[in-house]
Structures are given as structure tokens and as C-alpha cells.
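This report describes the pockets, the surface patch and the salt bridges of the protein shown below.

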Amino acid sequence: MADPDPTPDVPEPGAYGSSEEPGAVHSAADIAAAWQRERPGAPTESIEIVTPIWWLGKLFADDRDRALRAAGIDAATLDLLSVIRRSGPPYALSTREIARRTMVTAGAISQRVARAERDGLVVRRPGTTGRRTVLVCLTAEGHALIERSVDTVLGREARLVRGLSDEERTVLAGLLDRLMADVRRRTER
């Protein structure tokens, strides 16, 4: 009696059509359909929403990283300086408020502030609401850097979404806000 072939039956490349060829780009609908074909009944209703969001996040992040490198700033510093700049005059926020607005841990904020302070972009000052409150304030150099950087980044990102009409952008922004609020609610611990 011959030994059974230990290699499983593997279809030839392209056996499922051209979209299954190595290196082919699959749509989220293709991925959902493939899971339904391979695992009928699998919960695939999120794939056509979550997968494009992940892909877009990657594309936007990669493009933003290129823009930031060209502007001479990193993403963490941009985030820190941006949240302080958006707060309005006197361009100062507590570390707790920075952490809340950026959805970053207090420890990460502390590291970001220390690095930005070392680079002369912010200064720490005692707060007025309690002994332990620390305000992080933009310096003139930090203000100038964020002014240059925000124009570069937002200009690039505006060009990236120009494929949608004003109305489509408004509808999409509303849907994303609604989804974000619901996902936050469902994932809070």
C-alpha cells in the first residue's frame, strides 16, 4: 500500500479567477465574498466598512509621514503642537487636557512634552487650578513650526479627498462621526 501524498490539494494560481493571482489588489467586497465562500455563515458584514477604513488609514498615514518629514516634524510633535494651537490664545493646555484631546496616555504625553520642551517648542508652567496642574505652552518657535506644518499637512490631505464632492464629504464626515461615537461606546471598558 502506497503512502498517501502528504501535500494537500492546492489549487493552481489563478484557479479562482484573475483576482486571486499573486499580487492582485482585492476589494473589500472580494474579501467578504471569499470568506463567505470559504466559511459560509462567517460574520462578514463589517469587512466592506472596516477594511477600507484600515486601508485608507494606512494610505493617509504614509502620505502624512512623507509630508511631515519634508516639514521637519514628526507625527507625535505635530499632534502635541496642534492640540495646543487649536485651543486658542494663550495657547496653553494642561497635560491632562492634552491627553484627553489626543486620546494618548499620560505617560506618552509626558514624553512628548519633554521632547518638545527640549527642542524649544513648548514650556511648562504651573497651572492655576491646583498645585499639581502643569500647563504646556507654545513657544514662538513652536507656534511658527505648527503654522508651517499644518498648512503642509492639511493642504495635502485636502487634495487627497478632492475626489469627493462637497456633499459627499459632508455625508461621509457625518457617517464617520456617528460610527466613531458608536464604536467608542461599544469598546469602552
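## The largest pocket

The largest pocket has a volume of about 1,800 Å³. A pocket is here an open set of points on a 1 Å grid over the protein atoms alone, with protein on both sides within 12 Å along at least five of seven lines; a cavity, by contrast, is a set of points where a 1.4 Å probe fits but cannot get out, and lining residues have an atom within 4 Å of a point. Grid points are joined across faces, edges and corners, and the volume is the space filled by probe spheres set on them. Rolling a probe the size of a water molecule over the atoms shows where empty space is left.

The lining of the largest pocket comprises 40 residues, and Ile53, Gly57, Phe60, Leu176 and Met180 lie nearest its centre. Two or more lining residues come from each of H2, helix H3 (75–86), helix H6 (140–160) and H7, and H7 gives the largest share, 11 residues. By class, the lining holds 24 nonpolar, five polar and 11 charged residues. In this scheme Ala, Val, Leu, Ile, Met, Phe, Trp, Tyr, Cys and Pro count as nonpolar, Asp, Glu, Lys and Arg as charged, and the others, Gly among them, as polar.

## Basis of the model

The model is predicted: local features need pLDDT of at least 70 and side-chain atom pairs count only at pLDDT 80 or more, while totals for chains, interfaces and linings use all residues. Residues are numbered from 1 along each chain as its sequence is written, and side-chain values use heavy atoms, with hydrogens and water left out.

## Overall architecture

The protein contains seven helices and three strands, arranged along the sequence in the pattern α-α-α-β-α-α-β-β-α-α. These elements are DSSP runs numbered from the N terminus (helices: H or I, at least four residues; strands: E, at least two). Of the 189 residues, 24% are buried; buried means under 20% relative accessible area, exposed over 50%, and partly exposed in between (1.4 Å probe, protein chains only).

## The second largest pocket

The second largest pocket has a volume of about 220 Å³. Its lining is formed by Ser94, Thr95, Arg96, Ala99, Ala106, Ile109, Ser110, Thr129, Arg132, Thr133 and Val134. Helix H4 (95–102) and helix H5 (106–118) are the elements that give two or more residues to this lining. Four of the lining residues are nonpolar, five polar and two charged.

## The nonpolar surface patch

A nonpolar patch on the surface consists of Ile49, Val50, Ile53, Trp54, Trp55, Leu164, Leu172, Leu176, Leu179 and Val183, which together have about 890 Å² of accessible area. Helix H2 (47–71) and helix H7 (166–187) each give two or more residues to the patch, and the largest share, five residues, comes from H2. Patches are made of residues with over 30% relative accessible area and no salt bridge; nonpolar side chains (Val, Leu, Ile, Met, Phe, Trp, Tyr) are joined within 5 Å and like charges within 9 Å. Accessible areas come from the Shrake-Rupley method with a 1.4 Å probe, and for residues only the protein chains shown count as cover.

Val50, found in helix H2, is partly exposed, with a relative accessible area of 36%.

## Salt bridges

The whole structure has 15 salt bridges, each defined as a side-chain nitrogen of Lys or Arg within 4 Å of a carboxyl oxygen of Asp or Glu. One of them joins Asp62 and Lys58 (2.7 Å, N to O). Because these two residues are four residues apart in helix H2, Asp62 and Lys58 are separated by about one helical turn. Asp62 is partly exposed at 27% relative accessible area, and Lys58 is partly exposed at 49%.

Asp63 and Arg156 also form a salt bridge, with the closest N and O atoms 2.9 Å apart. Asp63 lies in helix H2 and Arg156 in helix H6, so the pair ties together parts that are 93 residues apart in sequence. Asp63 is buried at 11% relative accessibility, whereas Arg156 is partly exposed at 26%. A further salt bridge pairs Asp79 with Arg112 (2.9 Å, N to O), linking helix H3 to helix H5 across 33 residues. Asp79 is partly exposed at 26%, while Arg112 is buried at 17%.
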